[in-house]
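Subject: Structure handover

Hello,

Here is the structure I promised to pass on. Please open it first, then read my notes below.

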Amino acid sequence: MAILKFSASAVAAQIAHARACKTFLPNWNVPVDRPALILIVGNGVHLRSNGIDGTTTRIVTTEQADPSFAFADGMNPFRDTDWMAQRRMAFRDLTGQFYTDILDDVQVLIDRGQGAIRLATDGQSVRVFVRRASDYLIGGTYDVPSGLGGKFRVILKDACDSFAIVQNCGNCEDFDAMQPYRVPLDALMELDDRRVA
């Protein structure tokens, strides 16, 4: 799981472009009849409009990028020298395009004055991620998915806006003896959170 951070003003420009268009790029050869944002993982990681405006074909490709696209922090090939390493940490060797359904949710955050847009992605889905590290209680107890369909009870040791350091606590003795480990920040579930692990 990766959390990507984008400039809200750059994303707003892509949304404005999409909304100004009357025709849109297809989604896997399926026609699209409404504005959307596409996440591209390739030459950098960026969000772009799905609109076709007549002045350019704006063909989606992982090989090309335009400086006007909304690039994820640290993954801009026009500005960041280690963008490939950052992209690899977030996506391993995965590249491609993701047609998203986040445009309206992102617009709400922009309208509220958010300076940055944060997205969580697992390589299969992309969703808006609103919570920040300061929303979690250091020393608090949370659940995290185990990776085998269950979940572990953990104590939060530290957090930044993309991941958390946790220590197993309240599970079986062998699991609780494990060293602290890192999980994506959005993997932390409040104890009364009913999300499926």
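**What I found**

Val166 stands opposite Tyr181 in β13. A strand here is a DSSP run of E with at least two residues, a helix is a run of H or I with at least four residues, and both are numbered from the N terminus. Two strands pair if DSSP finds at least two bridges between them.

Before going on, two notes on the source. This is a predicted model: local features need pLDDT of at least 70, side-chain atom pairs count only at pLDDT 80 or more, and totals for chains, interfaces and linings use all residues. Residues are numbered from 1 along each chain as its sequence is written, and side-chain values use heavy atoms, with hydrogens and water left out.

**The whole protein**

The protein has 4 helices and 13 strands. Its C-alpha atoms fill a box of roughly 65 × 30 × 30 Å, taken along the principal axes. Of its 197 residues, 41% count as buried. Buried means under 20% relative accessible area, exposed means over 50%, and partly exposed is in between (1.4 Å probe, protein chains only).

Now the contacts, meaning heavy atoms within 4.5 Å. Take those with a separation of 6 or more: residues 24 or more positions apart account for 53% of them.

The protein exposes about 10900 Å². Carbon and sulfur atoms supply 51% of that area. The areas come from the Shrake-Rupley method with a 1.4 Å probe; for residues, only the protein chains shown count as cover.

Follow the chain from β10. Strand β10 covers residues 141–145 and runs antiparallel to β11, with 5 bridges joining them. Pro145 has Lys151 in β11 as its bridge partner. These two strands form a hairpin with 5 residues between them, and there Gly147 takes a positive phi near 90 degrees.

Next comes β12. Strand β11 (residues 151–159) is joined to β12 (residues 163–168) by 5 bridges, and the two run antiparallel. They also form a hairpin, with 3 residues between them. Leu156 has Val166 in β12 as its bridge partner.

Then β13, at residues 181–184, pairs with β12 in the antiparallel sense over 4 bridges.

Is Leu39 buried or exposed? Leu39 counts as buried because its relative accessibility is 0%. Find Leu39 in strand β3 (residues 37–42). Leaving out residues up to four places away in sequence, Leu39 touches several others, including Leu4, Phe6, Leu47, Phe98 and Val126. Leu39 and Phe98 are 59 residues apart in sequence, yet 5.0 Å apart in space, C-alpha to C-alpha.

Gly51 lies in strand β5 (residues 51–52). Gly51 has 0% relative accessibility, so Gly51 counts as buried. Gly51 and Val108 are 57 residues apart in sequence and 20 Å apart in space, C-alpha to C-alpha.

His17 sits in helix α1 (residues 8–20). His17 is buried because its relative accessible area is 16%. What does the side chain of His17 make a polar contact with? Its partner is the side chain of Ser49, at 2.7 Å. A polar contact is a pair of N or O atoms within 3.5 Å; within protein, one must be able to donate a hydrogen and the other to accept it, and residues adjacent in sequence count only if both atoms are side-chain atoms.

Best wishes
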